[in-house]
Amino acid sequence: MILVTGGAGFIGSNFILDWLAQCDEPVLNLDKLTYAGNPDNLASLAGDPRHVFVKGDICDAALVTGLLARYQPRAILNFAAESHVDRSIHGPRDFVTTNVNGTFTLLEAARAHWQGLAGEDKRAFRFLQVSTDEVYGTLGPDEGPFTETTAYAPNSPYAASKAAADHLVRAWHHTYGMPTLSTNCSNNYGPCQFPEKLIPLVITNARQGKSLPVYGDGQQVRDWLYVADHCAAIRRVLEAGRCGDTYNVGGWNEMANLDVVRKLCGLLDELAPKAAGSYLEQILHVQDRPGHDRRYAIDARKIERELGWKPLETFDTGIRKTVAWYLAHDDWVRHVQSGDYLGWMDTNYAHRDTQEEIG
Ligand code: NAD
Ligand code: DAU
């Protein structure tokens, strides 16, 4: 079997569902179930013996060591993280704890486990770290996209904690010979993304008649990738990636935030029209994110050239599927918009200055 950490979150749950749709190799899912972990994402696996769920923390060395001894996974895929940049600005401690110490704990448990293996089991074992393009910092408008050799320059507490984890993974390979793999991916979107992130936030706020908050001038650029394409890239890297290597994963799809929000409004006007007017009227410019990175873009040629991975979705096809998913899953949305969610909305948005969208 494989061990997936953070498998109740957005990408982890999509990954497990994809994995079990394509093969019968069981998945051990270790997830702390923070506010971002949602067992509803995996409801379709209820009673499926191929999915073993353990509620627990990747920082718990005894738990992780015990799970490795008991289940003997052939690979560990570390998705578990605190993942939201704005939350890292309000409270960075959990980011250092989970993203840095948690990765360290996993690496140490994995190292002891791997060193105790022999023969083919030892040769085939892998530790795959799921990381982000944010570790590379920000790009100017005319700079080329991030490659695997771009120097790390993380700007937010979240990015710094992910960068620290990446450095640990690198060192464990270099020093101990651990068979590690790393992926650095751009912004994902798709089903089951917690509505604190831009795309699900805009869809859910729009439907609930709330304003659609655009930070600053909305001209910050992200490179959007449909989550199923990211999952396919991770499967491919696990299968054929070179140990110690990093693979950048991206959609070749740079868009300014304001254009993303306008696109979502257009789709909602088409698929769930209001009684009168357009969702565009709900756009509201609000005070910018401190230290906001202006532009991310990924050069994904290495994974394409060496492993034959390419995204299957364009932004147009992926975003239409995503909006349709949210429109069809009101119950999921209602469920995640709990007390904690409302508290976060107040913390992040109540005190930002606002300015109406013009034009
Ligand atoms: P998410 O916040 O939706 O899910 C994170 C999951 O990790 C949750 O289920 C949570 O309960 C779990 N978790 C948190 N702390 C834990 C701990 N200490 N022990 C065990 N489980 C814990 O995040 P996501 O968007 O699915 O991101 C998954 C991974 O992919 C992260 O490592 C993130 O840095 C990376 N990533 C995300 C994106 C993106 O656009 N979302 C892009 C590139 C890379
Ligand atoms: O680039 C990969 C990263 O993408 C991942 O590593 C992170 O885990 C993931 O959260 C995401 O980070 P971003 O900060 O880019 O995503 P977010 O959805 O929070 O914001 C996307 C852009 O939209 C960003 O420029 C900030 C802006 N934004 C966000 C929110 C929540 C707004 O303008 N308004 C908002 O209300």
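Which residues in α9 meet which residues in α11? Before I answer, a reminder: this is a predicted model. From α9 we have V260, K263, L264, L267, L268, E270 and L271. Facing them in α11 are F315, D316, I319, R320, V323 and L327. By class, that contact has nine nonpolar residues, four charged and no polar.

Now the geometry. Helix α9 spans residues 257-271, and helix α11 spans residues 315-328. They pack at an angle of about 55 degrees. Their axes are 10 Å apart. Because of that angle, α9 is oblique to α11. The crossing is right-handed.

Helix α2 covers residues 61-71, and helix α4 covers residues 93-115. Here the packing angle is about 35 degrees, with the axes 9 Å apart. α2 and α4 also make a right-handed crossing. On the α2 side, A61, V64, T65 and L68 make the contact. On the α4 side, the residues are T105, L106, A109, A110 and H113. Class by class, the contact of α2 with α4 has six nonpolar residues, three polar and no charged.

Last stop, the ligand. Which residues come nearest to ligand 1? There are 28 residues around ligand 1, and I11, D31, S83, Y158 and K162 come nearest.

A backbone N or O atom of F10 sits 3.1 Å from an oxygen atom of ligand 1. For V130, a backbone N or O atom is 3.5 Å from a ligand 1 oxygen atom. At I58, a polar backbone atom lies 3.0 Å from a nitrogen atom of ligand 1.

That's my tour. Over to you.

Note on methods. Residues are numbered from 1 along each chain as its sequence is written. Chains are lettered from A and ligands numbered from 1 in the order in which they are written. This is a predicted model: local features need pLDDT of at least 70, side-chain atom pairs count only at pLDDT 80 or more; totals for chains, interfaces and linings use all residues. Side-chain values use heavy atoms; hydrogens and water are left out. Axes are lines fitted to C-alpha atoms, for helices over the stretch in contact, and angles run from 0 to 180 degrees between N-to-C directions. Helices (H or I, at least four residues) and strands (E, at least two) are DSSP runs, numbered from the N terminus. Angles under 35 degrees count as roughly parallel, over 145 as roughly antiparallel, 65 to 115 as roughly perpendicular and the rest as oblique. A crossing is left-handed if the near helix is turned anticlockwise from the far one by less than a right angle, and right-handed if clockwise. Contact means heavy atoms within 4.5 Å. Ala, Val, Leu, Ile, Met, Phe, Trp, Tyr, Cys and Pro count as nonpolar, Asp, Glu, Lys and Arg as charged, and the others, Gly among them, as polar. A residue is near a molecule or strand if one of its heavy atoms lies within 4 Å of it. A polar contact is a pair of N or O atoms within 3.5 Å; within protein, one must be able to donate a hydrogen and the other to accept it, and residues adjacent in sequence count only if both atoms are side-chain atoms.
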